Amino acid sequence: MERFIFALIGFAIGILLGIVIVVIYYKRGLSAQQKQLQEDVAKAIIKRSIQNEISSSQVKFSPVLINVADSRFAMAPISSTFYDNPSERMVVIGVTGTEGKSSTVSAIYYGLKTAGYKTFLGGNITVSPLTFIDEVTQDTPVVIEFSSWQLADLRGRGVLKPHISIITKIVPDHQNWYGNMEDYVKDKRLIYADQDNGDYSLFDFDGDEPGTGPDQTLYPETETWGNLFAKESKATVLRYGKNKLDSKTFGVWQEKGPRNTWVGKILLPRMTKPETILKGLSVPGEHIKTNGLNAALVMYLMGIPAE
């Protein structure tokens, strides 16, 4: 559909500098007359908005128009500045992947709320973070579900640095758009791209479905997506699995307890032996149990003891 995107950014900047910044993206193939029409519409909307904002009919209006190739890329740092760089004051728990994103973020949010945290849930789960961004502090963790497209929009912006990132099980999805698994997963990998060793990354320890893992010509000696993520992340890497992890790997896994009950185990670098972090989980299916177990691991990393 032919359309143009324009953003009204800069009331805060305008108060200080007396200007409003307009970023306009022109659809290819538009005539000069069509572009001029778009500019006129943008100017009219901004002028009316400024007048309403400061309740004055004596507005001197001389906008700065910036024509950019990619307005979404240009708007990211401007928006971050407009909202006072929220990523610097947020404790973000970011979740992406293919299966189980929504159930994982919901479990994390519920767990934090139950533990007494004032917390927020948003992102691909249909709640915009802009609805609560003014209430966020360093003491109010934000749980965000990211789709691959949302992450792609943040590539190169330097505005995403989750304290805890999780990539749930990767299986083929959106291949009509991406065309191959490598490009699809490339966007998923952005969730941990700017993390450091003070952060945590949680990745799958189990194997991928046959024929869906990394292309061995591109990633030799890397059999699974989880292993590729673990090699790349600069954060403290933890893994999750359906069975006990090997002796060199830290994270969480599932076991059978007394009377064939379900038990979630955890082993972190500072521990001398595995501990029980979750038990008696009655939800159906190993995948849903894995999501609950990952939520329990996030609780533990946030300083909430297992009960």
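**Close-ups of a pocket and a buried strand**

By class, 15 nonpolar, five polar and two charged residues make up the lining of the second largest pocket. Here Ala, Val, Leu, Ile, Met, Phe, Trp, Tyr, Cys and Pro count as nonpolar, Asp, Glu, Lys and Arg as charged, and the others, Gly among them, as polar. This is a predicted model, where local features need pLDDT of at least 70, side-chain atom pairs count only at pLDDT 80 or more, and totals for chains, interfaces and linings use all residues. Residues are numbered from 1 along each chain as its sequence is written, and side-chain values use heavy atoms, with hydrogens and water left out.

**View A. The second largest pocket holds about 600 Å³ of space.** Of its 22 lining residues, Tyr110, Gly111, Leu278, Ala296 and Met299 are the closest to the centre. A pocket is an open set of points on a 1 Å grid over the protein atoms alone, where a 1.4 Å probe fits, with protein on both sides within 12 Å along at least five of seven lines; lining residues have an atom within 4 Å of a point. Grid points are joined across faces, edges and corners, and the volume is the space filled by probe spheres set on them.

**View B. Strand β4 (residues 92-96) has five of five residues buried, so the rest of the structure largely encloses it.** Buried means under 20% relative accessible area (1.4 Å probe, protein chains only); strands are DSSP runs of E, at least two residues, numbered from the N terminus. Val92, Gly94 and Thr96 point one way, Ile93 and Val95 the other.

**View C. β4 pairs in the parallel sense with β6 (residues 142-145) over four bridges.** Pairing takes at least two DSSP bridges. Glycine 94 sits opposite isoleucine 144 in β6.

How values were computed. Buried means under 20% relative accessible area, exposed over 50%, partly exposed in between (1.4 Å probe, protein chains only).
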